[in-house]
Amino acid sequence: MDMKNARPETIVLHAGYRAEETTKSVAVPIYQTTSYQFDSTEHAANLFALKEFGNIYSRIMNPTVDVLEQRVAALEGGVAALGVASGQSASTFAVMNLASAGDNIVSSTDLYGGTWNLFANQLKQFGVEVRFVDPEDPEGFRKAADERTRAFYAETLPNPKLHVFPIKEVADIGRELGIPLIMDNTAAPHLVRPFDHGAAIIVYSLTKFMAGHGTTVGGMIVDGGNFDWAAHGDRFPTLNTPDESYHGAVWTEATKPLGPIAYIIRARVTLLRDVGAALSPFNAFQIMQGMETLPLRMKAHSENAQKVADFLAKHPKVGKVIYPGLATGKQRERADAVMKGGYSGLVGFELTGGLESGKRFIDSLELLYHVANIGDARSLAIHPASTTHSQLSVEDQVATGVSEGYVRLSIGIEHIDDILADLEQALEKA
Ligand code: PLP
């Protein structure tokens, strides 16, 4: 069956693999190998010259990882994908693949803290400037861009603010200027398809909802195949000028016979080759196990989270609840423009009792885990003011959307009555 026309529920089980010929194994085998036997010197030479596609060495490609890559690409409606060791390496590669020293990207301010550090500190060390703009005003992206801007970058559903990003508005501005939008879709897989709204590249921390069981760290970059890199030759030298590390290959030219995959091929055969943040085949297998139930889980996460948000909104110790399914006005419009079938599992709320109340609430939880993670099948909670955001001044905490009594929940797929009972008893003690 052609997976191009299959539904997500089918794609996560079938894309990229059918019982392999040798053993007839139905489950995707874990190809725990570093290297692959060449048929002949000619075969080996063709593989190295990219005249023929095939396996060379597991730092650059692996058949188990390949199935996962095909599954995520099919789920997103992209042309190809690259599996990497973590979400952090996915976002690093996604930017490095386009931007060199002296270049810049324009990013939303609302980012995961690890990405913030990467952008504000690490990339700066390599001469890449990241210009941060408030996503509330899409025009900010246009204003911050210049001829050295290589990409726009944002998260679909950034926490703690949980304001859905205006994907189409910013993607449209980017397409007018010849700048691709890279979307981190970690918090809303299956519910949001960023390519449908004009994004050019998607990055994932597969560690979260995609793998879904809190066991495995992994990342993915997906190429939408919908951006004409060659039409904006001067803006993308990494793809349009000879690559000295590959016999002077010009990636938009060299990949022409293979389809619109210049971006993702370059990421694999140069960045992954040189930096080496490879995803292990065992981790790819684990992530695929989780992904098989992604559509079911996202529905369950969303249904439970909506009930939790409704419950919290009525609770006397709760001042404010933040959940796209409770949002009104522009925030709701933005959520409904892209989210289909649910609002995901992340819920934020403010305890009127502030810092001490937040700590008491967390310390009283019996079912929910107190962890710095999201997207596990289990329900999770964290109090940013005493943990992830404790190094920030109170003013900076507020700027990132964290008040002293703010608690972030990642609602799992347990029975809703058990989740609500635990929240109820912890709120009583808060
Ligand atoms: N992007 C988002 C939205 C995240 O929440 C995270 C991790 O929390 C990352 C990226 C980084 O992913 P990883 O921990 O897999 O490196």
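## Two domains

The C-alpha centres of domain 1 and domain 2 lie 29 Å apart. Domain 1 covers residues 3–289 and domain 2 covers 294–429; these bounds come from an automatic or database domain assignment.

This is a predicted model, in which local features need pLDDT of at least 70 and side-chain atom pairs count only at pLDDT 80 or more, while totals for chains, interfaces and linings use all residues. Residues are numbered from 1 along each chain as its sequence is written, and side-chain values use heavy atoms, with hydrogens and water left out.

## The interface

In domain 1, 30 residues are in contact with 37 residues of domain 2 (contact means heavy atoms within 4.5 Å). The two domains bury about 2,800 Å² between them, and 64% of this is on carbon and sulfur atoms. Buried area is the accessible area (1.4 Å probe) that two parts lose on being put together, summed over both. Pro-160, Leu-191 and Phe-209 supply 28% of the area that domain 1 buries against domain 2, more than any other three residues.

Two salt bridges are counted between domain 1 and domain 2 (a side-chain nitrogen of Lys or Arg within 4 Å of a carboxyl oxygen of Asp or Glu). Glu-136 and Lys-330 form a salt bridge through their side chains, at 4.0 Å from N to O.

## Thr-255

Thr-255 is buried, with a relative accessible area of 3% (buried means under 20%, exposed over 50%, partly exposed in between, with a 1.4 Å probe and protein chains only). Apart from neighbours within four places in sequence, Thr-255 is in contact with Ile-261, Ala-262 and Ile-265.
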